[in-house]
Structure formats: structure tokens, C-alpha cells
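Good morning, and thank you for coming. Please look at the sequence and the structure on the screen while I speak.

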Amino acid sequence: MGLDNSEIEHLASLVRITLSEGDIEMLKEQLPRILEQFELLNEVETSDVLPTGHAVNVESVMRQDELRTPLSTAEVLSNAPNVLGEHIRVKTVLEE
Amino acid sequence: MVELWKLSLAEMHGLLKEKSISSVELTQSYLERINSIDSEIKSYITVCGDFALKQAGEADRRIAKGECEKLTGIPVQIKDLIATKDIRTTCGSNMLADYVPVFNATCVERLYEAGAVLLGKGNMDEFGMGSSCENSAFYATNNPWDKNRIPGGSSGGAAAAVASGQAPYAIGSDTGGSIRQPAAMCGIVGLKPTYGLVSRYGLVAYASSFDQIGPMGKNVEDCAAVLEVISGYDELDSTSLQRPTPSYSDCLDANIAGVRLGIPEEYFSDGMENGVRERVISAVEKLKSMGAIIVPVSLPTTKYALACYYILAPSECSANLARYDGVKYGYSYQDTEDMWEAMGVTRSQGFGMEVKRRIMLGTYALSSGYYDAFYLKAQKVRTLIRNDFDAVFQTVDALVAPTSPVVAFEHGDRTDDPVRMYSIDVCTLPVNIAGLPAVSLPCGLSDGLPVGLQIIGPHFSEGNILNIAYAYERDTEWSGAIPVID
């Protein structure tokens, strides 16, 4: 199972990671070798098998929608890289 | 007087309770030891000495009032993937190199309530992704038994710190073996609890349906005592299980007469080192001589566990790590006005190569056209692996196997080949896939390096597997062996 440069670049664009040419070359060599290992699963008969999401049975948890004290604005912003007053400053999202 | 760092938790507790030592003295002795040897081992990312001494002072005031629980006044190292309020929590990543949580993980809250003293945060593979601790963005940790070798991973800092007497115990996390494998490679005890037994609130997510927090210590008794404090229901974790947790220490009576132990043939594979095989087989003989009934068993789907895990865990990771966008917290590339460029460069510079590789793999497995062939298929195989364990636990009480097929290898030995690196997780991954508890404990040395014995049980059998481990430990000399650090 081969992956060409454009497939690697497409994948990188989906995950929003800018790759260097060196990264692309390395991943082009490594990813197919890893994916090849995955093909082992094709030999398992699973047509009547239900998928497992969690290995221990977990149920949806509900609680009353009651008022609780949230973190303060200062706490919420304390790790933000670019703050303007009480807001997080972001790059332009919508162009005019 | 014996050096304090050599004592077990029970011994420290005894001295603190009778006021022969104070928590401040105990904490100071650990800080001095860290100061003198951690430049050689590199087991800590952050040491918080002032914070620790303040907590130790508070613990001493509690002890003076007669409030001395099992962990009161005793120091701990916590893996740097677990949120500690006001103490930076890096996950071993450049992405979070300056991140300071504004809240504590539930397990940290519980340890603090019990009077624990935080020495600092343990080195690890970035976001828990790795088997050698070489994927830390800061530095690799060295194995105290041989500094040219890896300590295992991803909780390598925790295992190395306990093995070298730089923490009496540590809190790690285990997604595919990250507590047990480094415990095995550093010659300590590590327990991965049943999924849902310990709250994951404040554990930075890697693969949410696999991640579980657990104790790492010098011996089985210590791990049982720590598990008692950190386990139990937490409403802040929606997968936390509502059931009473027993006193695990009370489960330790060392009586294993008539206990049925399965030996799964698939865990003794061709890739296993002879030294490991010999030590584990000799441990099985030992357990038999103590009255356990040894039953050869088969778990035929074991060979699919590696592929199953390396599809599902990266898939979950690719979703979990989408949150690191350089906007709300974490590393942020600011030198552009273009939003997408900022995000792409932030994630490129913030993440290391293994993390990028797993995000890419996971996204591939989840993408249109491959979802059924990879992700859904792996989830179905996950069911079959779980069924295999369910079936075998109808006939045996626990399984005994190696923790890792190899002993600690030299730094750099597997870093260029991810497939070879992933392959050493073969004995630990199935346990996470099925959400089971398993403990690793030392069972001897191979070429001077520790070998780990793994005991796997059905869901919620922590008391039982710890007792089997305890029985073995009491009758052998391996736990608590101290490497010479020059």
C-alpha cells in the first residue's frame, strides 16, 4: 500500500500540520509499512461481530442542570497565548 | 539510620506516625537525592521543591494532630500528563512546555486530601506516545540499571525515579502498557487498573477508551495502598464506574493455594528474548510450588492486538489532539496573520514526530473510504479480543505472562523504526484493548537487567492479582532490588 506525496500532503492538510519536505519523505516511507501491518486484520472474520467502543460497559451519565461556579475569566485566560482585555485574540477568520 | 529513600511506604508511614521523622525531613532527603543524581537519570521534568516543603509542613501539622493516614507526609512523583494546579504540566511536549493548569486532576486531589507531598512531575514520551521515553521533547530518561539504556515508556520518568530512590512511589498512566512496561524494565511494581476504576479527570487525553491512571512503587503493598486512595467513582469522569472499591491492602494474605493461573501460549512468542522467557517460566514454577494450579491456555486473537491497537489508539489521538490549535492555550506560532498558516505551523513546531505520525495514521484510518476497512474493522476485532479473555476467565482466575518480550535496550536502538518500536508492546496492549487490570512485578534479571512478570485478571480483580503478585514477591528477592548508580 503506497502513499504518494500528494496523499501525504492532503492528510497533513486535514490534520493542520505543516510538514517539511524531510517529514514528507520519512512518512512516505514509514506510513505504508505501518498500514501494511494493519492488513493482518483482513484475515479475521467479523461479519457477525458488533464493534466495541469501550471495553467496560459504560452508560450515559445525566445530572441536574444546576448552577455551578465556573472558573474565573482570569483563570480561563491564564494560559491563552494572545489576550486582549477579557478576550482571546485570534487571527482573522472571515475576510470582508 | 538507614537511608530514608530505601524505605517502603509502610515503613515511612510507621516512622512518621511515631514521629521519629517529620515529613519535612523526609521530603528534604528526597529533594537532596534528586539534586544529587537526577542529572544522571533525568526522571523529572519539573521539581517543585518549595511547593513540596510547604505541603510537607502542612502534613506535619496534620500528623501532630494525630491525623496520619497511610500516605500522609509521604512524597510522590506524578507523571507530567496529569494536571497539577499551579505546577506546569507539559505532557513531555513543546506544545505544553509553559502550560500551567488551573485545576487538579481528581487523583491529585485525592492524594492531596490524603496528605501526599508532590516532589515534581515525571518525564515521559510526548502525550504518552512511546515505549522508551525517548519521545520526550525535553530529554530522554536513563535506566538506573544501565544509563545507556532506556527506562521503558511512556511513564519512563516515574519508573526510573522509583527505581533510583528519587520518589517512594509515582503515579503513571497506561494506554498500551505505559505503566507496566517501564515498571518491568526498571525493576519496580506497576499496576494498570480496570478501565474506569481510577478517574481520568485531569489526565490529558491520548486515547480515551484505553487510558487509565495507576500506581508505580517499590513493592506490591505500596501499590495497593496507593490504589486505595486514587480509585473510586468520580462524577467528573463520565466513564468512571459506580461501584464500591475494597481495601486492596486487606486483600493481601499471600495465600494462593488452589488459585488457577493460565499461561497463554501466544505471549511466549518468537520475538521474546531467551533471558526473559527463562525468568518468566521460572516464576511460573515458583507460583506452582506455592500451591497455584498452572493451566496452559490459548488466546488466539492475541496476534491481532498490535494492529487493532495501532488503528484505534491513533484514531482516538487524532481527535483528542485536534484541540491544540494555538488559540486557547499551549504553544502558538504568532508570526503570521493567516489563521490556517498559524495553526499548521503551531502544530508542526509544537508536536514531535511520533505524535504527528499517530495523528496522521489515525486520521487516515478514520477518513472516508477507509473507515470501514480500518477503524470499524479494528473495533470488531476489539470485541473478539475481549471475548477471548472472557472465555479464558471462565476457567482460570488470572493469567501469567511476560510484561515485555525484551529487557531495556540501548538508547536509539529502535527510534528509526516505528514498526519495531511498536512490536515490543505485544504483551501489554491486549490488556488495554479489553480494559482489564494487570500488574507487573520484578521476577529476576537477564544480563543484569530487570525482567517483568505480568499478572492479568478479569475486570475488577485488582485485589486478587495484587495478592498473587504479593505472594510471589514475599517468597522471592526481586522487588525492592536497588541498582547501583555511579
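**Where two chains meet**

I begin with A:Glu43, which is partly exposed at a relative accessible area of 48%. On this scale, taken with a 1.4 Å probe and protein chains only, buried means under 20% relative accessible area, exposed means over 50%, and partly exposed lies in between.

Before I continue, please note that this is a predicted model, in which local features need pLDDT of at least 70 and side-chain atom pairs count only at pLDDT 80 or more, while totals for chains, interfaces and linings use all residues. Residues are numbered from 1 along each chain as its sequence is written, chains are lettered from A and ligands numbered from 1 in the order in which they are written, and side-chain values use heavy atoms, with hydrogens and water left out.

What does the side chain of A:Glu43 meet in a salt bridge? The partner is B:Lys303, at 3.3 Å from N to O. A salt bridge here is a side-chain nitrogen of Lys or Arg within 4 Å of a carboxyl oxygen of Asp or Glu. This pair crosses between chains: A:Glu43 sits in the loop between α2 and α3 (73-77) of chain A, and B:Lys303 in the loop between β8 (293-297) and α9 of chain B. Helices (H or I, at least four residues) and strands (E, at least two) are DSSP runs, numbered from the N terminus.

A:Arg68 and B:Glu235 also form a salt bridge, with their closest N and O atoms 3.4 Å apart. B:Glu235 belongs to the loop between α7 and β7 (260-264) of chain B, and A:Arg68 to the loop between α2 and α3 of chain A, so this pair joins two chains. B:Glu235 is partly exposed, at 49%, and A:Arg68 is partly exposed, at 38%.

Let us turn to the interface as a whole. Chain A and chain B bury about 5,400 Å² between them, 67% of it on carbon and sulfur atoms; buried area is the accessible area (1.4 Å probe) that two parts lose on being put together, summed over both. A:Arg16, A:Leu41 and A:Lys91 supply 14% of the area that chain A buries against chain B, more than any other three residues. The contact, meaning heavy atoms within 4.5 Å, takes 53 residues from chain A and 65 residues from chain B.

**Inside chain B**

Is B:Phe210 buried or exposed? B:Phe210 is buried, with a relative accessible area of 1%. This residue lies in the loop between β5 (189-192) and β6 (213-217) of chain B. Leaving aside neighbours within four places in sequence, B:Phe210 has contacts that include B:Tyr195, B:Tyr309, B:Leu312 and B:Arg382.

B:Ser315, in helix α9 (residues 305-320) of chain B, is likewise buried, at 2%. Beyond its neighbours within four places in sequence, B:Ser315 touches B:Gly362, B:Ala365, B:Leu366 and B:Tyr375.

Finally, in helix α1 (residues 9-17) of chain B, the residues B:Leu9, B:Met12, B:His13, B:Leu15 and B:Leu16 are buried. Viewed down the axis of α1(B), the buried residues fall within an arc of 165 degrees, so they line one face of the helix; the arc is that of the directions from the helix axis to the C-beta atoms. Among the elements covering them are α2 (23-41) and α3 (49-64) of chain B.
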